[in-house]
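Hello,

Here is the structure I said I would pass on. Please open it first, then read my notes below.

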Amino acid sequence: MTDPIHQLRAREFPWAIAGDQIFLNHASTGPLPQRAVDKIQELTALRAQPWRYTTEMQFDELANARVRCARLIGAEPREIALTVNTSYGLNLAARALPFERGDIVITSDREYPSNIYPWMELEVARGVKLERIPCAGILPDEDAILAALDRPRVRCVVLSWVSFATGYRIDIERIGRACRERGIWFVLDAIQGVSATRLDVRSMPVDIVACGAQKWLLAPWGSGFVWLRPDLVDSLRPVDVSWMATRCSDDFTRLTDYDFTYRENARKFEVITLPYQDFAGLNEALDVFFEVGLETVYERVERLTGRIVDWALGTTDVRLVTPPERERRAGIVAVAPRDAKAASERLTRAGVVHSFREGAIRLSPHFYNTEDEIDAALALL
Ligand SMILES: Cc1ncc(COP(=O)(O)O)c(C=O)c1O
């Protein structure tokens, strides 16, 4: 491990140095860096005496969070609406895009439910049909998804960028291009990928990206964002209308003027009041990534996950659930030893924090994990 990252690890994740846990579970809930913990504690103390936690401080934190979330995915701050989870962004997509009765939304089977129920609700409420394309085995079947697009009523494809259980990373370029060519919206649930590998919304053909920050972004529960393509920022109408969605609401002396003109940016989709202290924590957490450098982060995640993949490929009685190709995975590697349940229990007893999903062991290291930690987990498997 290079020195600066080792120092950062000691500073931000002291338990990882001192403790007896090996944390390989970022696909579940990421740990808060120490600087985020300190910031939230400082702000919570101020919050106990609210006159010390000024409106300027609150709104500056949110503005800073939009800048940081935008930087993470190559966007502009005006295209970012802060949200409290991934689900809000997905519901926004389902309800704000102008669907008509009989329209078809395509997704894959085995999606995380946050990406299914909002669209099922759309079926009931507005007569839009959700088609779940069966997986090839347990991985999304991209050929079948593409083959399903060439029908007049298909209006939208919605997929997880990285699958929660298998770690499969969809080919954004391939599916997104096909959507663009047909005038189909492409909505992405990106929570399992952002910060583990590169997402660049300027060069990639996506329309709406929803992302909670509680996993790979190492940020507090209750923080996240949704990104919308600039023309969708302008053309879509908010579905949950906040009192801060309009232009005039910055002037607290004229709130009852009711000037019903939306802001000319994605803030019109934000539902204020948001948890300011948690977004302050998000800002601290994202600064850790910028300090390390995003490319270094991606490279380290690839190195650590690649180590697991190589091990699984070279081990006869372990099935690699995640695809071996670099471009088809991100930070999650799922492996199934012969008795996966027993292996999972063994890991837990030894303090290796992981998940057991769909019959496989899900390991999800982040950039600050070490090769030694990976090897210790693999030895137990
Ligand atoms: C693919 C995916 N989407 C969404 C979520 C969580 O959604 P939310 O942020 O709304 O709680 C998870 C959590 O495991 C997930 O794996």
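Helices and strands here are DSSP runs, at least four residues long for a helix and at least two for a strand, numbered from the N terminus. Please keep in mind that this is a predicted model.

With that numbering, Arg110 sits in the loop between strand 3 (104–108) and helix 6 (117–126). Arg110 is not a glycine, yet its phi is positive, at about 70 degrees. Is Arg110 buried or exposed? A residue counts as buried if 20 or more other C-beta atoms lie within 10 Å of its own. Arg110 has 20 such atoms within 10 Å, so it is buried.

Ser195 also has a positive phi without being a glycine, in this case about 90 degrees. Its place is the loop between strand 6 (185–189) and strand 7 (208–212). Ser195 counts as buried because it has 30 C-beta neighbours inside 10 Å.

There is one more backbone detail to look up. The peptide bond that joins Ile272 and Thr273 is cis, with omega at about 10 degrees. Thr273 belongs to the loop between helix 9 (230–235) and helix 10 (276–292).

Now the overall layout. Domain 1 puts 24 residues into the contact and domain 2 puts in 22. On the side of domain 1 that touches domain 2, helix 11 (294–313) and strand 10 (333–337) are the elements giving two or more residues. Helix 11 gives the most, with 4 residues. By class, this side of domain 1 has 11 nonpolar, 7 polar and 6 charged residues.

Val335 stands opposite Ile361 of strand 13.

Last, the ligand. Among the residues around it are Asn85, Thr86, Ser87, Tyr112, Asp189 and Gly212. The shell around the ligand consists of 3 nonpolar, 8 polar and 1 charged residues.

Regards

Key. Residues are numbered from 1 along each chain as its sequence is written. This is a predicted model: local features need pLDDT of at least 70, side-chain atom pairs count only at pLDDT 80 or more; totals for chains, interfaces and linings use all residues. Two residues are in contact if their C-beta atoms, placed from the backbone, lie within 7 Å. Ala, Val, Leu, Ile, Met, Phe, Trp, Tyr, Cys and Pro count as nonpolar, Asp, Glu, Lys and Arg as charged, and the others, Gly among them, as polar. Two strands pair if DSSP finds at least two bridges between them. A residue is near a molecule or strand if its C-beta atom, placed from the backbone, lies within 6 Å of it. A residue is buried if 20 or more other C-beta atoms lie within 10 Å of its own, exposed if 12 or fewer, and partly exposed in between; C-beta atoms are placed from the backbone.
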